[in-house]
Amino acid sequence: MDQLALLFVLLLGAVVSVPVGDRVGLPSPVLMTLLGIVLALLNFVPNVDIPPDLILPALLPPLLYAAVRRTSWRQFTANLRPILLLAVALVFVTTLCVAVVAHAIVPGLPIAAAVALGALVAPPDPVAATAVAGQLGLPRRLVSILEGEGLFNDVTAIVLYHVAIAAAVSGSFSPWRAGLDLVLSGVVAVAVGLVLGWGTNRLMDIVGDPTLQIGLTLLMPYASYVLAEEFHGSGVLAVLTTALFLAEYASDPDDVMTRLAGHTFWDIIDTLVTGVAFGLIGLELHNAIRTASGRWGEMLGWAAAIVGVVVLVRLLWLLPATWLTKRLHARRDHDEDIPMGWRETVVMWWSGMRGVASVALALAVPLRTEDGSAFPDRDEIVFIAFGVIMATLVLQGLTLPWLVKRLGVRADTEREKDFERMLAIRAAKAAKRRLKEIEKDEDLPEELSEQMVRRAFDIGLRISPDMGEDERREAHEQRVRRLKRVRRIQGEMLSAARHEVMAARSEPGANPEVVDRVLRHLDVRSLR
């Protein structure tokens with residue numbers, strides 16, 4: 001098997017792992033990691049040969065952009081305090097604790113290299129957290145915090161990692177320079193993200209075509225990452241800024257086709273790239289086995305100690321942080337999503353899985369320092385990092401569904417239904433207001449006006465059937481049944497039309513472009 005065949009296996013696994021995961025009750029990222037481990041143990045499967053400095057820029061931008069599309073800037077601002085406590089403060093604390101323990105237990109490990117190890121294992125993976133938590137029906141407040149933590153903690157961890165690596169390679173370290181680099185990295189990233197977000201928004205208006213607009217959304221995350229890194233900024237933060245800007249300002253409510261096609265496109269990208277990323281994590285078992293050859297007992301002991309530190313620090317940090325956030329929350333007027341009760345705190349603690357970023361940073365540790373000597377204890381750092389990733393991702397990922405079920409932590413479906421009902425009412429009222437404006441400008445027949453009033457009400461009922469009174473709901477249900485019958489008949493008619501047009505494609509002299517254009521018209525008609 002060569003590298004290309006291995007890539008196709010991972011892509012196929014990414015697709016298959018989704019329905020399989022739904023059936024067995026396990027998240028697809030965990031299944032893909034297990035698949036990678038199995039492949040790594042097979043003799044005919046080659047070692048993954050990807051330059052370490054390409055892993056992050058190749059995988060993270062689309063994954064981050066896909067994750068941001070599921071949230072909003074308002075959600076981030078509402079959860080700013082818990083996100084900062086987790087994405088910034090906890091990363092610093094975890095890095096420090098891991099560095100202290102690693103420096104103490106690994107003979108000869110310099111403090112700078114120990115800090116680099118702490119930084120690369122500190123951030124929970126944004127893709128793992130959202131993919132796992134999103135499939136378990138957790139309360140939205142927990143998912144929001146996990147998403148925010150996962151998206152922003154990479155920014156802090158990567159900057160800390162680069163500072164530590166630079167100190168280990170050069171042999172010198174300046175706290176003031178490190179702090180300045182951290183601030184400048186964030187400023188440059190935000191500036192790049194805003195400029196590219198604004199420019200992409202303008203380009204979308206110019207190109208117009210939905211296919212080209214979706215193509216731009218695929219290119220811009222990569223452009224943000226590379227450009228920010230070129231100016232010594234945080235590529236991760238630049239991607240997040242660009243994605244949040246586009247989510248806030250580049251969405252036209254009336255651009256239905258672009259929205260539907262873009263949603264489908266990014267679902268596919270998210271599934272495939274996520275599967276490949278976690279498959280690569282499992283495949284790195286090759287390197288771990290080679291590194292630990294002849295030293296299994298010693299190195300497994302070090303890895304287990306660091307796993308204990310990472311897991312324990314998260315729990316010990318979450319307990320007081322949650323209490324503090326709840327105390328501060330009580331003084332605020334607006335809602336803020338925070339864990340409510342010890343059960344949700346425990347679930348949030350156990351959701352801190354490491355993944356793609358940690359693997360990429362571990363593999364990117366330099367081989368040599370500036371004076372030409374070997375990077376201190378590089379093999380040990382890579383092995384310990386891999387042990388932390390495997391323990392948190394596989395162990396926690398496999399047991400999290402059981403823990404959630406055992407503790408009874410579920411989403412507040414009644415609250416979601418109430419919000420859905422409120423949106424349905426607002427949608428119906430907006431439709432009625434627009435109808436009244438049209439009636440002032442146009443002389444509508446009474447029969448048509450009454451029909452439009454019913455349709456305005458139906459807009460809300462189709463979203464939330466509970467919003468109507470019993471009689472009106474029953475009348476709506478009758479109209480829905482009649483409409484379904486009409487649509488079924490119309491669907492069969494359109495199907496016959498499509499079969500006829502496609503049959504014409506094989507006829508002598510048929511122009512395929514014209515056939516496809518007619519088919520697109522029929523397909524769009526089928527969506528109405």
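Contact, or touching, means heavy atoms within 4.5 Å. In that sense Val 273 touches Leu 59, Pro 62 and Leu 63, leaving out residues up to four places away in sequence. The model is a predicted one, in which local features need pLDDT of at least 70 and side-chain atom pairs count only at pLDDT 80 or more, while totals for chains, interfaces and linings use all residues. Residues are numbered from 1 along each chain as its sequence is written, and side-chain values use heavy atoms, with hydrogens and water left out.

**Overall fold**

The protein chain has 21 helices and zero strands; helices (H or I, at least four residues) and strands (E, at least two) are DSSP runs, numbered from the N terminus. Of its 528 residues, 46% are buried, where buried means under 20% relative accessible area, exposed over 50% and partly exposed in between (1.4 Å probe, protein chains only). Among contacts with a separation of 6 or more, 80% join residues 24 or more positions apart. The accessible surface of the chain is about 27,500 Å², and 62% of this belongs to carbon and sulfur atoms. These areas come from the Shrake-Rupley method with a 1.4 Å probe; for residues, only the protein chains shown count as cover.

**Single residues**

Val 273 lies in helix α12 (residues 256-283).

| Residue | Relative accessible area | Class |
|---|---|---|
| Val 273 | 16% | buried |
| Gln 396 | 2% | buried |
| His 232 | 69% | exposed |

Gln 396 is in helix α17. Its contacts beyond four places in sequence include Trp 349 and Trp 350, and both of these are among the buried residues of α15. Seven of the nine residues of α15 (residues 342-350) are buried, so this helix is largely enclosed by the rest of the structure.

His 232 is in the loop between α10 (210-230) and α11 (235-249) and has a positive phi of about 65° although it is not a glycine. Asp 377, also not a glycine, has a positive phi of about 55° and sits in the loop between α16 and α17.

**Nonpolar cores**

A nonpolar core is a set of buried Ala, Val, Leu, Ile, Met, Phe, Trp, Tyr and Cys residues joined through side-chain atoms within 4.5 Å. The largest has 114 residues, of which Leu 117 and Leu 120 touch the most other members. Helix α8 (residues 140-170) supplies the largest share of this core, 15 residues. A second, separate core of five residues includes Leu 494 and Leu 519. Beyond its neighbours within four places in sequence, Leu 117 is in contact with Val 98, Ala 102, Ile 381, Ile 384 and Ala 385.
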